[in-house]
Amino acid sequence: MEKCPSVKSILLLDSEGKRVAVKYYSDDWPTNAAKEAFEKDVFTKTQKTNARTEAEIAMFENNMVVYKFVQDLHFFVTGGEDENELILATVLQGFFDAVGLLLRGNVDKREALENLDLILLCLDEIVDGGIILETDATVIAGKVASHSIDAGAPLSEQTISQALATAREHLTRSLLK
Amino acid sequence: MAQPLVKKDDDHDDEAEYSPFLGIEKGAVLQEARVFNDPQLDPRRCSQVITKLLYLLNQGETFTKIEATEVFFAVTKLFQSRDLGLRRMVYLMIKELSPSSDEVIIVTSSLMKDMNSKTDMYRANAIRVLCRITDGTLLTQIERYLKQAIVDKNPVVASAALVSGIHLLQSNPEIVKRWSNEVQEAMQSRAALVQFHALALLHQIRQNDRLAVSKLVTSLTRGTVRSPLAQCLLIRYTCQVIRESAGNTQTGERPFYDYLESCLRHKAEMVIFEAARAITELNGVTSRELTPAITVLQLFLSSSKPVLRFAAVRTLNKVAMMHPMAVTNCNIDMESLISDQNRSIATLAITTLLKTGNESSVDRLMKQITNFMSDIADEFKIVVVEAIRSLCLKFPLKYRSLMNFLSNILREEGGFEYKKAIVDSIVILIRDIPDAKESGLLHLCEFIEDCEFTYLSTQILHFLGIEGPKTSDPSKYIRYIYNRVHLENATVRASAVSTLAKFGAMVDSLKPRIFVLLRRCLFDSDDEVRDRATLYLNTLGADGAMDETNEDASEFLFGSLDVPLESSDEPFDISSVPREVKVQPLAEKKAPSKKPAGLGAPPSGPTATVDAYEKLLSSIPEFSSFGNLFKSSAPVELTEAETEYAVNVVKHIFDQHVVFQYNCTNTIPEQLLENVTVLVDSSEAEEFAEVASKPLQSLPYDSPGQTFVAFEKPQGVPAVGKFSNILKFIVKEVDTSTGEAEDDGVEDEYRLEDLEVVAADYMQKVGVSNFRNAWENMNPDSERVDEYGLGPRENLSEAVNAVINLLGMQPCEGTEVVPSNSRSHTCLLSGVFIGNVRVLVRLSFGIDGEKEVAMKLARAPAAQQVNSGKLREFGGKTVAAREELRPDKRDKKRKRAGVREGAREKSRETALEVKFAWKKRKGRGRSDGICEELFMGMNREVACNLAFLTINEKGKARMEGWCDGDGLLLLGERRWRGEEEEEGKGSTLAFTEKDGWIEERMRWKGKMDGSSWMYGDEEVEEQHRVEKDGLGCRFDEVVPVIEGPIGEGKGDLGSPDFRVSSN
């Protein structure tokens, strides 16, 4: 009990229980097979519940699972059975909202996969080795989204081709919008 | 070049399931990773490739060592780019790859540069990456930067350093402990999470110093901790301090309680909850202390957030175990949670209510639960069942409604675990509440009538066998049990037979009936069932020839196993099972009658088993401390045949000792030997030292005696050596006519042959059932291979036998037999070597033209764990079968004998069997379907009645009970199910017993017409009377109130297919 609140895993699964992005912080699941079995378990046990408005919670086999669904994405945060449920729920909410901000509200599987880099960075900013780094969604999203050229780099160090690439990138982006 | 994340493939465009990673392949992505080496880096493209790599890793793909190294080196090139996004991906990638220490060096300088960068995100992330992959030596180099980072004004950087510190504390505590000043400074940070991380690290640094922790908590609880997470942490630490200071404080006030209580008014829910939970978990918490915590939890119960409701109800559930009264206030809120969408919450609410409810509320609660049970999953049902069980134990007076509830849910659909939980609960209630026994047993009986789980059926039958005979009316269970013999699979049938036998053994009045039933089981299609029936008939003395005492039979039927199979935590050890088969009284009785009497004592000496040796040796005080006997060799003759004194020796191997048992026989009638010892010269056996010897006091003519010599040897070592033996004794002349010995003796000695202790003496012959499996399960590291030339031999077979004898191991799978003229052979051996090491040997032989034999020997001693693990598994499997199968497995021989006897006896018996069946018959008494009745009796007198059953095609309708030949039920009850139930509504049937007559009264609505009947509107009343006789009832006289198709059991109903067979 004297230990730091800790998260054992964060799972982002699709509507069939397949992985979109997962992150494990505990040795409870040593192999990929064990992880997949756990995910299947979590998914089937929560599948039929309605966790779209409020985060739901379930407990099985010493795991506390808080979860929330949106579109075809299922968000899970799991912890040990003695963990404070509300802390896990806070982490879940932070993750959920940060993903919402990063994907600009289009939270579905396709969007998540197309921006998988953002999702992975987001996971990286929420929990580090099981210890909660940040739970505020705007802060998390802010840390992830600061996509830009290193401010410290003088312009002259950019090669012409890089500059061209950047320009082309901006162009394609504006065209695609 | 900038590209969309994945080339859009036209084929996949239309698919509903679109993924940018569709058809992604590791090899291709690794190829793509070559762009990292481009002189002109395209950050966007590189990011995409890293994303793909991370995707692969995330999906569970693994990289080989070489692949990982290649990717790692390629990724390090990307430090050249100044793109922040790409850099972040590089950090992620390095963390995922977790490079080895020699690879780490390559990125260290880049990361250290980033650690001092002006960009905050670089600093924070570089610290986390570096601390993740670094080892102790590197840590001292970067320690300075880390200390700086901890007090960095950017909270992200400070948090990164603090969290890294928490991780590093596990591997390098001495370094991290030096940072405590900086960490303390960070505690003052304005950023909430920095405070949280600093508190966590500070506490971990000081966790072994109770005083420091106490000081920390004292100062912080007075001040203000901003972050809710830090506040939660502080509550946990406070609890620790409270626990550790318990006992020091004599006064009523609990230290820090005020702080915990004040946290209940915190604005963050997680803090409120943490505090409430902490209060409920305080040691010896008083109800006054509990009240504020319960109050906030009660508020949570009606929250709109499921997580909050769950947290509250779970905590209250725990509180209810210790302080049920404190929770009763919440009962109304709790009851509304029974219908909660979240079934976990509902289940917790129910079980809490069950714990806190008082006797008067039980009935109301049960009603609510009944509705609730239908729509929750099995796992939750099990929780509820367990809660109900404990409730019932708490309020034994309420057993009726609770037992009813259990029996109701037992009838519902459900999986095995659930059914098992219910059955277990009923069994426990029957054991603990005597009043509940009869109804509980009947519920169980009813359950096995329609139970799809063999395991549960056998368990219940076993339990019935123990409890049933002790009830007031054991006979009423018989039909349920006997029905099993008709309807179930062989395993259940066999258990039913055992159960019947138990009734027979315990209830004398039922014995004759049981015999009739058991005799019927002699014709079962399954041999186990037949064997059991035969065995029990003999054990219980059905044929009258045996008058075995009841105790023997009961002991046999109810006695426990020789070895408990479910023995706590210890792995099952086969060596604890006695190797000697129990001498059964049956065998003893046979022996004197069949064999000519006075044959004399059984042949003495070498036939005794290992167990006998063990018993003998442990009875000698000098040897009793040697531990378990590992192996006893076969006797080795030390004298020629036909000499004056015949001596053979048995070598007993212990872990640290060897005992030679010299079996001496004096073959000279004129001599009496006294003080017989064996002088052993162990000069050629260096590792052995003589420790004890036990002389034989006297050795008269032709009665063998033993003398022992014990040696000590190094523990667990298979020491070998050669021993020369001299038999020393005092000879006394014996007058053969009188048998008197002279007083004076002469000391004499007799040279015996040398004795050798060889390696094979340390090997137990223990076979394996599947050599290949066993071999593959062995630790490959322990395998040894040697090659030997065996010199010229006559043939391979000779060589093989010689080697087997040399090794003293058990040949497996018949590989000791060498096909004639074969030029090569593989022989598999198995054994257990001293020190309990399992050894498997694979011998490969080859013979060449000159009859030179070469041998290759590969052996694998098993790791001990593998061995015991296997055995444990074996033990586990056996447990399931134990209840019913064990007793007669104990003596297979006896069973076999019984079978023959039973068959013989059967042929003497005149039996009449009448079997008839009919189909589709409308009217009272039989639903449509097939009905089979079996009559059996002696001397053509159809007197017996049997369980009667009809099953329609769907298996839905079923009636059972004792019935007479005419299909009328006697001494039982008739139940309607399915279609019959509808039609037969309002019928009543009652049986009464008076002066040996059974009277049956029946009221129903319908019409009778000759031998058939139909349901209808007219009220019909019938009354039949039959005489009670033996097992069932004999039909004697019927007094119908109105005319009915009643007569003697002729089987003429509806022109059945009628067969009579008599033998």
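The model is predicted, so local features need pLDDT of at least 70 and side-chain atom pairs need pLDDT 80 or more, while totals for chains, interfaces and linings use all residues. Residues are numbered from 1 along each chain as its sequence is written, chains are lettered from A in the order in which they are written, and side-chain values use heavy atoms, with hydrogens and water left out.

**Where chain B meets chain A**
- The contact (heavy atoms within 4.5 Å) takes in 65 residues of chain B and 64 residues of chain A.
- Interface size is often quoted as the accessible area lost when the parts come together.
- Here the buried area is about 5,800 Å², with 55% of it from carbon and sulfur atoms; that is the accessible area (1.4 Å probe) that two parts lose on being put together, summed over both.
- Nineteen is the polar side of the story: 19 residue pairs are in polar contact, both at pLDDT 80 or more. A polar contact is a pair of N or O atoms within 3.5 Å; within protein, one must be able to donate a hydrogen and the other to accept it, and residues adjacent in sequence count only if both atoms are side-chain atoms.
- The interface also has 9 salt bridges, meaning a side-chain nitrogen of Lys or Arg within 4 Å of a carboxyl oxygen of Asp or Glu.
- A:Glu125 and B:Arg128 form a salt bridge, with their closest N and O atoms 3.6 Å apart.
- On the chain B side, the elements giving two or more residues include helix H3 (43-58), helix H7 (120-133) and helix H18 (306-322).

**Chain A on its own**
- Chain A has 6 helices and 7 strands; these are DSSP runs, with helices (H or I) of at least four residues and strands (E) of at least two, numbered from the N terminus.
- Along the sequence, the order is β-β-α-β-β-β-α-α-α-β-β-α-α.
- Of its 177 residues, 51% count as buried (under 20% relative accessible area; exposed is over 50%, partly exposed in between; 1.4 Å probe, protein chains only).

**Helix H4 of chain B**
- B:Lys65 lies in helix H4 and is exposed, at 58% relative accessible area.
- Leaving out residues up to four places away in sequence, B:Lys65 touches B:Ser100 and B:Glu103.
- B:Phe73 also lies in helix H4 (residues 65-77), and counts as partly exposed because its relative accessibility is 34%.
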